[in-house]
Amino acid sequence: MNFRQIVFKSLRSHWLSTSLAILSIALGVALLDSVVSLREQTHRNLTQEGLGADAILGPKGSPLQITLNALYHLEEMPDKIPWTYYRKVLEDEVVADGIPFITGHSYAGFRVNAIDERFFTAFEYLPGRHFSFRPEDGGQGRIFQGNKEAVAGYEAARILHISLGKTFNPTCGVNAGDPVHVNDTIKFVGIMAPTGTPHDRAIYIPLKSFYTLEGHGSDVQSMAVDEDHREISGAYLKIRRIRGDVLHPGIQDLKYNINQSSRAQLVIPNEVLPRLFNIIGWVDSVIMGIALLVTLLALLFLFIALITALRERRRDLALLRCLGATRRTVMGLILCESLFMSGTGAILGIAIGHGVVWIGSELIRVETGLRFSALYLSSADFYILPALLLLGLLAAVVPAVQAYRLGVLKNLTLIS
Amino acid sequence: MFVGTFVKIMSATLLAAVCCGLLPGAEKEDGHKAYHHGCLNALGTCENGHAEVRIDGDTLKLWFVGGGTDTNKAVRITNKEIVLEVTLNGQKAPSEKLVLKAVPNSLAEEKVGDCSQFEGKAGWLRHAKRFFAISTITLKSKKQTLRIEYPDGYDPD
Amino acid sequence: MIVKLENLQFEYRSGAGTFPILNIPSWKVEEEEQTAITGMSGSGKSTLLNLIAGLLKPTGGHLEVCGVNLSELSESRRDKFRGQNLSYIFQTFNLLQGYTALENVMLGAAFTGRQLDRHTARALLDRVGLSRRSGHYPSQLSIGEQQRVAIAQALAKKPKLILADEPTGSLDPYHSGEVVELLCETCRENGCSLVLVSHEMKVAERFSRREDFAVLNRGLSGMGGKQ
């Protein structure tokens, strides 16, 4: 029988308190690990290059609302902007390109956006990445050509069981109960390859087909041809670069100039989204605090378990000393038991935490299209184990010292 | 003894936090931000409005913006041009005149006579490190002295 | 010589003063010798065994066990020495409660630097007649059976010396004789010395060498100390 076997024997002989200590540490660690992972992935998702748009030209209103609608297909655009204004903005030397879009329709809970077809060829949803319909990328079909054609994002197609040739009637609005364009049947001709962005959750129709939907008034329908009175919800803008990949510094002047207008504003997603993150950052700080508290409570439980076990094991430890164990050996037993429990709890907790992220990521992906990965290695995955081992050692200091100072003869019943 | 030391340390930490802008009190700094990275010159008082001035090479750009914390909002004036009497650093009397022409922001439907941006060119601007300029504008239908202290800005408050 | 002591002294020190317990002018135990020490309860016999085992440090004199001067060793060195060379059997509760009989035997050699395999441990249990109880915990064994397991545990490290402090104190006369007989036989078979302390004359009579503790500790009576 060696030292390691003695440690495990001791842990097994107090299997209930050992298991409870490991489980409570695991739960605290799982909470901590999952919160950190979700927070880091959320931050990454929300700040990844503005999801393809350097800037969004939109109507007056909340910049956050405009960003959420244009990039995440949430909320609604507060108003419309004139097509002529969009064209004027395109003429600015700072603007390289623009892709206009119209939001406000839906199908079975998924947003239906009317958009310029260059969205599928010129728009980079991530640096260097364009949308694809190729089968080898996971896509199907092609970009729409006619007015009664549509393409679906990967997640929308999966959830709604969309296949090529299937038809639908768009709803005029995004809320339940909004009227349906019953006389406008649109056919799916393409399914985009998955991108891991919210664009997977949208359905797209040609920009001009929006105006021709039956049910829109004649003033809207005339916009299909009358550019002077045409309106759009907004446009994704590509800003010129200087010195490689640096955004043209004139973007701030452009933003200032547009924002003085009574009809439009320029929103830079990379300025807006971190502010959103700061707002929700409070929430996750609170959750982190709770997770830390749970972990510390678990370590306190470990401390109490060790102290209690020590009281019951005094004679056993004295017997071990009689058999030849030194003071350091019995102290080492206590420390190793604690290390085992805190280490096992940490590893188990990290595994459970990744499991929590896996479950959560499915829910988040279904709701927002944002991808979270259970295999993502967060900063917590690297510091939790060493931190818990250190804290486990700290929790064991008092009982270990008590074991060290254990009086052998005092704890053995001797009669002479 | 320890309580006293603890209180002192906490107070110092709190003070440092305020200075670093960690507490809400620091938000005021952002409101007086010069949006175009120029210097802000109050139009009479800070609340009235500001003239933000920036020199790019031989061009002086001037934006009329809001008072208080609204320095990112344009304020239009009816002047078609502004003539600045400029006293260069080290001199006692105005030695230069600079004419600023209206540059309407077409994206905000501005036009000459209803404009917030002005520009003027001069060779001496290229080497101007410090100067004082004065003129008169019409702001909200009233005559208003335009006083520019470059590069520090002018804030009578 | 397994044990050699000269002018061995031990005093108990407390706030109330100093109380001499032992003052043994000289004593020896030869290799493979079996000795019984008799005396009244509380006379200091266990203290002598504790000193020989290295659990206490003499306050004076010379104590040599297995050729090592224990008086000069630190506590941890005495612990290691004891782990490799000596075994100690108590009156009761010799075994760790959370370990089976077999595991308790294996534990006997845990601090020798050598591992005792299960086969050898089972053989030791078989020698004491308990191989069929190898998987039982101490709480499932009678006191007599526990003492026999303790004997097997004591032999596990192949000690040079076994110290037994009232090993039959909790047993009835029949089992008492059985345990002592077993202890003596196994010590003889393994070539290790045995020093047994008992207040029972019937136990001591089984030994060819018997010591009266009062005589052994004669140095103390000369000082007017505890007898």
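Modeller: Domain bounds here come from an automatic or database domain assignment. The model itself is predicted.

Biologist: What distance separates the centres of domain 1 of chain A and domain 2 of chain A?

Modeller: Domain 1 of chain A is made of two stretches, 3–46 and 275–411. Domain 2 covers 55–267. Taken over C-alpha atoms, their centres are separated by 49 Å.

Biologist: How many residues of domain 2 of chain A are in contact with domain 1 of chain A?

Modeller: Domain 1 contributes six residues to this contact. Those on the domain 1 side divide into two nonpolar, two polar and two charged. On the domain 2 side, the number of residues is eight.

Biologist: Which two chains have the most contacts?

Modeller: Two pairs of chains touch. Chain B does meet chain A, with nine residues from chain B and eight from chain A. The chain B side has four nonpolar, four polar and one charged residues, but the pair with the most contacts is chains A and C.

Biologist: Which helix gives the largest share of the side of chain C that touches chain A?

Modeller: In this contact, 32 residues of chain C meet 23 residues of chain A. On the chain C side, α1 (45–53), α2 (75–85) and α3 (101–107) each supply at least two residues. By class, that side has eleven nonpolar, 14 polar and seven charged residues. The largest share, six residues, comes from α2(C).

Biologist: Are α5(C) and α6(C) roughly parallel or roughly antiparallel to each other?

Modeller: α5 (143–156) and α6 (173–190) of chain C have axes that come within 10 Å and cross at roughly 10°. From α5(C), residues including Ile151(C) and Leu155(C) meet residues of α6(C) that include Val179(C) and Leu182(C). The contact divides into five nonpolar, five polar and one charged residues. Angles under 35 degrees count as roughly parallel, so these two helices are roughly parallel.

Biologist: Are α3(A) and α10(A) roughly parallel or roughly perpendicular to each other?

Modeller: α3 (63–72) and α10 (269–312) of chain A pack at about 105°, with axes 10 Å apart. Pro63(A), Leu64(A), Thr67(A) and Leu71(A) meet Pro269(A), Val272(A), Leu273(A) and Leu276(A). Seven residues of the contact are nonpolar, one is polar and none is charged. The range 65 to 115 degrees counts as roughly perpendicular, so the pair is roughly perpendicular.

Technical notes
Residues are numbered from 1 along each chain as its sequence is written. Chains are lettered from A and ligands numbered from 1 in the order in which they are written. This is a predicted model: local features need pLDDT of at least 70, side-chain atom pairs count only at pLDDT 80 or more; totals for chains, interfaces and linings use all residues. Two residues are in contact if their C-beta atoms, placed from the backbone, lie within 7 Å. Helices (H or I, at least four residues) and strands (E, at least two) are DSSP runs, numbered from the N terminus. Ala, Val, Leu, Ile, Met, Phe, Trp, Tyr, Cys and Pro count as nonpolar, Asp, Glu, Lys and Arg as charged, and the others, Gly among them, as polar. Axes are lines fitted to C-alpha atoms, for helices over the stretch in contact, and angles run from 0 to 180 degrees between N-to-C directions. Angles under 35 degrees count as roughly parallel, over 145 as roughly antiparallel, 65 to 115 as roughly perpendicular and the rest as oblique.
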